Amino acid sequence: MSLVVFTGMVGMLLSPSSIHPILGVTALFCIAVGAGASGAINMWFDRDIDQKMDRTRGRPIPAGLISPGTALGIGVWLSFGSVTVMGLTTNWLAASLLAFTILFYVFVYTMWLKRRTPQNIVIGGAAGALPPVVGWAAVTGDVTVVPLMLFTIIFLWTPPHFWALAITRANEYKIAGVPMLPVVSGERATRRQIFLYSLPLVAISLGPVWIGYSGLLYGLAASVLGLVFVALAFSVLVSRSLGSCRRLFGYSILYLFLIFLF
């Protein structure tokens, strides 16, 4: 959630146009509310499997803190509210992109892909990659190659980030009946995919330098951060320990934050 808001803010700050600070904060608020709304609907739909997994058992519905119907109501109304406020305060392109993000996460990832294919996190990762595009569009009213590059960075980052976690939770996903890659294809194949995804991730992270949008400082930072990412992904590939996966998962969060910070 923090990374969603942060990457959305970076998309706004990188745009060549300017926006009134109050409208900028409102746009970020809409992104945060939209992400929270889709998360609430996700928890409503996944309440049956959330109670089977240690990682999700403490969520509000399985913990008995809120009823499923109330959670769904919160999610639906906040979805409509965030999109409407975004459209009225910034522009309807940004609002449409925010609506698409919510709908994609809820219907494509949560309801369709998650329980049907091990590629769920690959395709579904598009939803988590859209906030910087939404932020850019909120300021400029258009979408260019720069926000699409930011989208691609997060899109390629999501599989190794989440699969590193999934390996450590493979037994829970198996019990819950979720076809995550480690459950369907095995741990070894997942470790290989993590490493393979890390290579284009690092390459596209240097894209802003290639197109002349970012300078030497970002290029050096992205190179160093990327080398560490690849090294940790290679450690995951050659090691059978869960510790290597935990290290990559933890670093991947820091990696994305620093890439967007630089």
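On a 1 Å grid over the protein atoms alone, a pocket is an open set of points where a 1.4 Å probe fits, with protein on both sides within 12 Å along at least five of seven lines. Grid points are joined across faces, edges and corners, and a volume is the space filled by probe spheres set on the points. The structure examined here is a predicted model, in which local features need pLDDT of at least 70 and side-chain atom pairs count only at pLDDT 80 or more, whereas totals for chains, interfaces and linings use all residues. Residues are numbered from 1 along each chain as its sequence is written, and side-chain values use heavy atoms, with hydrogens and water left out.

The largest pocket has a volume of about 1,100 Å³. Its lining, meaning residues with an atom within 4 Å of a point, comprises 41 residues, of which M1, V4, Y105, G128 and F162 are the closest to the centre of the pocket. Helices are named here as DSSP runs (H or I, at least four residues), numbered from the N terminus. Those giving two or more residues to the lining are α1 (2-14), α2 (21-45), α3 (47-50), α5 (92-113), α6 (120-129), α7 (131-140), α8 (145-168) and α14 (242-261), and α2 gives the most, with 7 residues. Sorted by class, the lining holds 24 nonpolar, 13 polar and 4 charged residues, where Ala, Val, Leu, Ile, Met, Phe, Trp, Tyr, Cys and Pro count as nonpolar, Asp, Glu, Lys and Arg as charged, and the others, Gly among them, as polar.

Helix α8 has 24 residues and reaches 36 Å from its first C-alpha to its last, close to the expected 34 Å; the expected span of a helix is 1.5 Å times one less than its number of residues. A bend of about 30° occurs in α8 at T158, and a proline, P159, follows within four residues, the bend being the angle between axes fitted to the seven residues ending at a position and the seven starting there. Because 19 of its 24 residues are buried, α8 is largely enclosed by the rest of the structure; buried means under 20% relative accessible area, exposed over 50%, and partly exposed in between (1.4 Å probe, protein chains only). Within α8 lies H161, which counts as buried at 10% relative accessibility. Not counting residues up to four places away in sequence, H161 touches F249, S252 and I253, contact being defined as heavy atoms within 4.5 Å.

Helix α6 is also mostly covered, as 8 of its 10 residues are buried, including N120, I121 and V122. The elements covering these buried residues include α5, α7, α8 and α11 (187-205).

Helix α13 (residues 216-238) has 23 residues that should span 33 Å, which agrees with the 33 Å between its end C-alpha atoms. Its buried residues, among them Y218, L225 and F229, are covered by elements that include α8, α11, α12 and α14. For L225, the relative accessible area is 10%, and, leaving aside neighbours within four places in sequence, L225 is in contact with Y251, Y255, L258, I259 and F262.

In helix α12 (residues 207-210) lies P208, which is buried with a relative accessible area of 9%. Apart from neighbours within four places in sequence, P208 is in contact with M149, Y213, S214 and Y218. The C-alpha atoms of P208 and D54, 154 residues apart along the chain, are separated by 40 Å.
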